[in-house]
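Hi everyone, thanks for coming along. I'd like to walk you through two spots in today's protein, so please have a look at the picture first.

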Amino acid sequence: MSEHASNRRLGRFIETPVAGETVRAFVPPALPPHPPIDVLALLDRLGQAERALGLLDGITMLLPRQELFLYMYVRKEAVLSSQIEGTQSTLSDLLRFETEAQAGQPIDDIREVSNYVDAMMYGLDRLQELPLSLRLIREMHERLLQSGRGGTKSPGDFRRSQNWIGGSRPGNALFVPPPPTEMEACLDALERFMHEDESRLPALIKAGLLHVQFETIHPFLDGNGRIGRLLVTLYLCVNGVLHKPLLYLSLYLKTHRNDYYRLLQEVREHGAWEAWLEFFLTGVAETANQAFDAASRIVDLFKVDRERITMESDRAGSALRLHELFQQNPYLTANQLVERTGLSPPTVNAALADLERLSVLKEVTGRKRGRVFSYWRYLAILSEGTDPLPHTE
């Protein structure tokens with residue numbers, strides 16, 4: 001590839017004043033890249049990713065209630081995606097907050113994660129009536145930043161000021177996205193690429209290109225990373241690669257975050273799209289395989305516990321009803337179980353004691369009143385990989 005040809009993949013820099021300094025802001029070329037992506041070199045990784053997604057779609061059909069796995073998986077993704085942005089919440093924090101098992105106002109971290117769940121579910125629902133578009137992205141962003149620390153960062157609006165990534169000030173930033181005067185044209189081109197089919201690129205490859213382009217444009221004052229990761233899953237759902245929104249890359253990106261940031265920068269500086277796409281497709285395959293493995297183990301766990309309760313519980317009928325509810329949320333209180341089953345408090349308490357005896361449940365507060373019970377083995381499978389990142393300077 002000649003130097004001249006490769007340069008058609010590179011963007012241009014514009015000198016722009018920001019915070020009393022003049023910086024070089026980057027304006028990316030429109031997608032698809034030219035010269036075209038070398039799809040042949042990526043076929044092996046593409047095939048592995050597509051097979052893994054097919055397996056994942058298949059196992060979800062075997063789940064007793066697909067929406068429960070989706071409900072939990074969405075929450076796991078929300079925690080991981082928010083951790084990449086610096087929150088310290090765990091999946092347990094979020095679930096206990098949602099069941100109101102902990103008194104008092106939620107901390108900002110948990111509120112941010114909760115907003116992410118809301119934005120994600122809103123986006124998936126809205127796709128029934130609205131195409132994947134800049135409008136939908138803005139609506140999801142508004143919900144993502146509706147409360148907590150993002151409330152002052154123009155929820156739902158594209159930025160009107162210059163931002164930068166890394167560094168303590170614009171002059172020493174790692175990367176400066178397009179200035180607002182150029183951003184609208186970049187976003188229009190991005191939206192057109194979402195819907196074009198002339199390039200004949202596979203949907204998985206297009207999803208990988210869209211993610212980087214969105215991160216490079218960085219159109220919001222806050223929340224770009226979370227929306228950009230969500231864009232991948234929404235795009236794959238819209239294009240029929242996924243039937244259920246069960247692919248979330250945050251654990252892979254969290255684990256390989258140094259490579260992730262390096263590869264984004266290499267696309268911007270050198271047009272190195274193929275190296276990014278290799279990394280991205282490997283992540284899709286790994287992520288789908290992990291989700292398949294988790295779904296398989298959850299199916300087995302529910303089955304084994306159901307059989308154990310049926311065989312060994314003194315009050316199998318009421319214990320099975322409780323077990324069903326704990327599949328929907330691994331944290332519940334006795335009062336919530338009374339409310340949701342219609343069983344009397346003594347019946348619920350006796351069934352809880354039985355489930356504790358069988359090691360299906362554990363009480364997690366150590367209190368006599370306001371006790372909270374955990375479906376701990378289920379939670380352990382769901383929580384894999386969700387320990388917060390260590391604080392880094």
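Let's begin with threonine 333, which counts as buried because its relative accessible area is 14%, under the 20% cut-off. Please keep in mind that this is a predicted model. Where does threonine 333 sit? Its place is in strand E3. Setting aside residues up to four places away in sequence, threonine 333 touches Arg371 and Val372.

Now for the sheet around it. Strand E3 belongs to an open sheet of three strands, ordered E3-E5-E4, with antiparallel pairing. Which strands stand at the edges? Those are E3, residues 331–333, and E4, residues 362–363; each has a single partner strand, so one side of each is left without a neighbour in the sheet. As a reminder, strands of a sheet pair through backbone hydrogen bonds, either parallel or antiparallel. Here, E3 and strand E5, residues 372–374, run antiparallel and are joined by three bridges. Within that pairing, leucine 332 has phenylalanine 373 in E5 as its bridge partner.

The unreviewed UniProt entry places the feature "active site" at His218. In the model, histidine 218 lies in the loop between helix H8, residues 203–217, and helix H9, residues 224–238. Is histidine 218 buried or exposed? Histidine 218 counts as buried, because its relative accessibility is 15%. And what is it in contact with? Leaving out neighbours within four places in sequence, histidine 218 contacts Arg159, Asn163, Ile165, Pro177 and Asn224.

That's my tour, and I'm happy to chat about it.

Definitions and conventions
Residues numbered from 1 in each chain as written. Predicted model: local features only at pLDDT ≥ 70, side-chain atom pairs only at ≥ 80, totals over all residues. Heavy atoms only, no water. UniProt positions renumbered as here; feature names shortened; annotations may be inferred. Helix = DSSP H or I, 4+ residues; strand = E, 2+ residues; numbered from the N terminus. Buried < 20%, exposed > 50% of the residue type's maximum accessible area, 1.4 Å probe, protein only. Contact = heavy atoms within 4.5 Å. Pairing = 2+ DSSP bridges.
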